[in-house]
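Dear colleague,

I am handing over the structure below, and I would be grateful if you could look at it alongside the notes that follow.

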Amino acid sequence: MPKLVKTATEFELSPTLGMNEEVKRQRGAGKQVMHMGFGEGPFPVPERLKKALGENVHRKEYLPTVGMEQLRTVVADYYKKKIGLDTDKFDVIVAPGSKLILYALQMAVEGDLLMPVPSWVSYAPQAKMLNTKVIKVPTTLDDKGFHIDPTQLRALIKSSRKEGLNPSKIILNYPSNPTGLTIPENELKEIARVCVEEDILIISDEIYGFVSFDNKYRSIAHYAPTHTAVTSGLSKHLSLGGWRVGVGFIPKAVTGLQQLLSNISSETWSCVPAPIQQAVVAAYEGHADVEQHIQQCSDIHSLMNKYIAKGLRDLGVKAPEPQGAFYNYPDFDAHRADLAKFGVKTSKELSEMLLKNYALATLPGTAFGAAPDVLTLRLSGCDYDGAAALKAYQSGEKLDEAFINKNAPRVKASIETFGQFLKDAKQAKAA
Ligand SMILES: Cc1ncc(COP(=O)(O)O)c(C=O)c1O
C-alpha cells in the first residue's frame, strides 16, 4: 500500500467546508439545523452575469495562465476607479479562487509567516503544506475594530529573527473572517510602515473589501505598494464562491514575483474556466445594476450580523459590533463558570454541544488559531433565503427587526437558541 506523506495526518478537511458538509448531511436526513457554520453569501447570481455565462458556454479554449487580458484590464480599471488603487504598481492575476493565489504567494516567498490570531482557517494549513513556520501575531478586538499593535509587531519580528526564524510575510484580512471587524485606517498605515522598514511582504486578503458596513474600502496597498500583494475575488460581495474567481494584484517592485506566480499557475490550475472568465468581465465593468446588487447585499449582511451581535450582547456575551463580512466572533468568557458546570470548557466543546443538543452549527475559535480554552465561536449570519430577502428589500421593506422576523427566521431562532442554551447552562449550575 502506498504510504502517505508524513504531514498527511496533520491535515483535516477545512473546518468550514467540513461543517457545511455535516449540516447538509443532517438536513438531508431530515433534521432541522440552524447553520451559522459556513460563510457563504446567500444571494442569487445577478441577471447580467447569468446572461453573460449563458452566452459563453461554448468557450472551451485554454486561456492565459494569469487570466485573459480583457478580464485583467477591467479588473485593474475597476480597482483604480473604485478604490484608487495605483494599479500601475501592480499586475493582475486571475485564478480559480483567491485561496489558490494565497497559497501560491506563500509558496513564492521564502521564509516564515506572521499570522494574526484569530485568522481565517486556511492560512496555517497552507503554511504547513509548504513547511513554513507560523509566527502568531496577537490581536485585540473591540467596537473600533481589530488591532495589531505596530510596536509589538516590530518587536515580534525582531525577536523571531533572534531566535533564528525568518519572518518574511504577513497575511492581513480586513474586514476579517472570523471577527467581522476591520483594521482602522490609521493602524493600517502604521502596520505598513513596520512592514516596509522590516522588509516584510504584506499579503492583504481583501476578499471582504466590498462588504464593508461603512461603505469604505480599506487597503494597506495604498501605504505600502512596494510590499503588498492584494488578493480578492467574487466569492463574497457577489456570493459567487462556486464560480471560483479570485484576483490578485502582484507588486511589480518584488522582482520576479509576477513571473513566479504565472509559472505556478501554469504548472497547477492552468487557468480559470473560459466561460467563467468571459462572464465575469461584466462583474468588473461597473454596471449600475451590479453595483446596486453589491450594495444591497452588503446592507442586508450589515443588518443580519449587527442583529446577531446585539442579540448576544443582550445575553451578556462579548460581541463587538461587526464592521463587515458575514461574521461575529463572540467570546463566552463571561459565562465560563456556568458553562463549566454544563460540561463545556473549550470552544470545541461549546460548538459540539450546540450542534448536538441544540441543532445549531457554529465553528470553534480553535479553528481560527485561538487557544482551546478561549471560549470563542465564529458565527456566520447567512442562514436565510437570500433571493427572498433581496426581493423584500428591493420592494421597499425596511431593514429592521421585522425584516429579520419575516425574512430570516433561522437567524432569529439562532439567537433564541443561544438564549435557551445559556439559560440551561445557568440552571445546570443551580442544580
Ligand atoms: C478570509 C478569506 N480569505 C479567502 C477566502 C477564499 O475565498 P475564495 O477562494 O473563494 O476566493 C475565504 C473564503 O471563505 C475567506 O473567508
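In the model, Asp205 stands opposite Thr231 in β9, and strand β8 (residues 201-205) pairs with strand β9 (residues 228-233) in the parallel sense over four bridges, where two strands count as paired if DSSP finds at least two bridges between them. Helices (H or I, at least four residues) and strands (E, at least two) are DSSP runs, numbered from the N terminus.

Please bear in mind that this is a predicted model, in which local features need pLDDT of at least 70 and side-chain atom pairs count only at pLDDT 80 or more, while totals for chains, interfaces and linings use all residues. Residues are numbered from 1 along each chain as its sequence is written, and side-chain values use heavy atoms, with hydrogens and water left out.

Both strands belong to an open sheet of seven strands with mixed pairing, in the order β2-β10-β9-β8-β7-β3-β4. Its edge strands are β2 (90-95) and β4, each of which pairs on one side only.

A separate finding concerns Thr139, which lies in the loop between β4 (134-138) and β5 (140-142). Thr139 is buried, with a relative accessible area of 17% (buried means under 20%, exposed over 50% and partly exposed in between, with a 1.4 Å probe and protein chains only). Leaving aside residues up to four places away in sequence, Thr139 touches Pro116, Val117, Pro118, Phe146, His147 and Ile148, contact meaning heavy atoms within 4.5 Å.

With kind regards
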